[in-house]
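Hello,

Here is the structure I promised to pass on to you. Have a look at it first, and then read on for my notes.

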Amino acid sequence: MSALAQEIIVDPNKLSQASELQKMVIKGGNELNGRIRISGAKNAALKHMVACLLTDEPVNLENCPVNLGDIKMQAAVLKTLGAEVVLREDGMAMIHAKAIESHVAPYDLVRKMRASVLILGPLLARYGKAEVSLPGGCAIGTRPIDMHLDALSLMGAEIKLDGGYVKAEAPNGLKGAEINFSKVSVGATENIMMAATLAKGVTIINNAAREPEIVDQGEALIKMGAKIEGLGTARLVIEGVEKLHGITHEIVPDRIEAGTYMIAVAMTGGKVVLENVRPEHLTTLIGPLKEAGMHIEQDGKDLIVERNGVDLKGFDIMTEPHPGFPTDLQAQLMSLMTICKGAGMITETIFENRFMHVPELIRMGAEITVHGNSALVRGVSGLKGAEVMATDLRASVALVLAGLVAEGETVVNRIYHLNRGYEKLVEKLSACGADIRLA
Ligand code: UD1
């Protein structure tokens, strides 16, 4: 495997320890003006990486957000399993799972990143065996994996829970089955879609998730030789094949990162051109932002986002599976709503316990009342800087956004969550005029 561009050394333990001590210091009040290049989608890249376990041939992933903590962590998981992984500074991830040497994803690696549970499907399909520590990740509710396990059992896997590990075996290989998911789950859809590509016979997934990242993954699997129909719909039909082969694939742009910067401009004012955006993946954000008073215009792969002095009006949103409003933009939107004119209601239907940013925003002067899974946000004339604590990835960035407009200094503690999901956040924001630094 050649690696001419500079290689990133994967040392996830060092990375997370160092970042846990770091803070972010923001002086609010600056408009954002300039250009921001949107990275490849973290939530697609993580799944493409595990899909490489389905083939003994090399896979090259372009536009991979290689600097993210989660991507380095996933690279470490794959290396533990015996894959060669090279992450390059130019955004290329080169992965070759020629042989599987271990089928165990250990606690140390999995505890911080839930997406490692997705090795179950591919490893069972190719190798007949997989063990993965029960996952950790963002603290946004209990987040069970029962749907993944039930579906794999229906496909013939024997599954035990033992010592904090899921131990799964399919000595005679997986077989196709009809899976009726009780809820829409992104991860379960992906896990089963991957497993089904190499299972014997046909697998049907009803009530499948339809997120753009799943479509991107399905398209890559089809290039690898998989037979999948119904991508982007709630019914996937997958016919198992004998073997998948290596490919080069460009990862879809990160709609959540793009949405976060759109909300940032809505809050600070100014004009930012977001490069490498697929606006069709963000219609549930673009529509309400335009209605609230923003100017948003597509120019090829660029999205021009502008707030020209106007006051934005509050509005109501409810999170839902795609094509509904994404839960991963809920916290950021709440930050925006705190300074809009009038009130807005935000209802979270995907995860319980995903309002952990609320007390922190209130400490900055926001007026928010939570009733069950809804939050009523009454706009205030301004936020005030404070020392706040980040609790999960999207909540953390919501506090950064609040800091960009707050009067005085905001210090965001425990920012290691941010390093998991936002590539070069400080560089991207400061290049547009924000006063933001790590301390
Ligand atoms: C993925 C995303 C995450 C996003 C979420 C919803 C990645 C790495 N993460 O998470 O950023 O917020 O989709 O868009 O892509 N559930 C069960 N049993 C299961 C699986 C899920 O009850 O076996 C429930 C969850 O608790 C949750 C809901 O289903 O209430 C949706 O979760 P799911 O779509 O699976 O989220 P993730 O794939 O973990």
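A word on terms before the notes: I call a residue buried when its relative accessible area is under 20%, exposed when that area is over 50%, and partly exposed in between, using a 1.4 Å probe and protein chains only. By that rule Ser396 is buried, because its relative accessibility is 0%. Ser396 sits in helix H13, residues 393-405; helices here are DSSP runs of H or I with at least four residues, strands are runs of E with at least two, and both are numbered from the N terminus. The side chain of Ser396 also makes a polar contact, reaching the backbone oxygen of Asp392 at 2.5 Å. A polar contact means a pair of N or O atoms within 3.5 Å; within protein, one must be able to donate a hydrogen and the other to accept it, and residues adjacent in sequence count only if both atoms are side-chain atoms.

Please keep in mind that this is a predicted model, where local features need pLDDT of at least 70 and side-chain atom pairs count only at pLDDT 80 or more, while totals for chains, interfaces and linings use all residues. Residues are numbered from 1 along each chain as its sequence is written, and side-chain values use heavy atoms, with hydrogens and water left out.

The ligand site

Around the ligand there are 19 residues, of which Asp146, Ser185, Val186, Asp328 and Ile350 come nearest. Seven of the shell residues are nonpolar, five are polar and seven are charged. In that count, Ala, Val, Leu, Ile, Met, Phe, Trp, Tyr, Cys and Pro are nonpolar, Asp, Glu, Lys and Arg are charged, and the others, Gly among them, are polar.

Which parts of the chain supply the shell around the ligand? Helices H2 (42-51), H6 (146-154) and H7 (186-197) each supply at least two residues, and H6 gives the most, with three. Domain 1 (12-39 + 253-438) and domain 2 (42-250) each provide at least three residues of the shell; the domain bounds come from an automatic or database domain assignment.

A side-chain N or O atom of Asp146 is 2.7 Å from a nitrogen atom of the ligand. A polar backbone atom of Met147 is 2.7 Å from a ligand oxygen, and a polar backbone atom of Gly187 is 2.8 Å from a ligand oxygen. Taken alone, the ligand exposes 740 Å², and the protein buries 88% of that; these areas come from the Shrake-Rupley method with a 1.4 Å probe.

Two helices

H7 is largely enclosed by the rest of the structure, because 11 of its 12 residues are buried. Gly187 is one of these buried residues, as are Glu190 and Asn191. At the start of H7, a side-chain oxygen of Ser185 comes within 3.0 Å of the backbone nitrogen of Ala188.

H9 (residues 255-268) is mostly covered too, with 14 of its 14 residues buried. The helix reaches 20 Å from its first C-alpha to its last, close to the 20 Å expected at 1.5 Å a residue, where the expected span is 1.5 Å times one less than the number of residues. At its start, a side-chain oxygen of Asp254 reaches to within 2.9 Å of the backbone nitrogen of Ile256. Just after H9, Gly269 has a positive phi of about 80 degrees.

Backbone points to check

Most residues other than glycine have a negative phi, and most peptide bonds are trans. Asn63 is not a glycine, yet has a positive phi of about 60 degrees. Asn63 lies in the loop between strand S4 (59-62) and helix H3 (69-80) and is buried, at 17% relative accessible area. Arg414, also not a glycine, has a positive phi of about 55 degrees. Arg414 is in the loop between strand S24 (409-413) and helix H14 (416-421) and counts as partly exposed, at 36% relative accessibility.

The peptide bond from His322 to Pro323 is cis, with omega near 10 degrees. Pro323 is found in the loop between strand S19 (317-318) and helix H11 (330-337).

Technical notes: A residue is near a molecule or strand if one of its heavy atoms lies within 4 Å of it.
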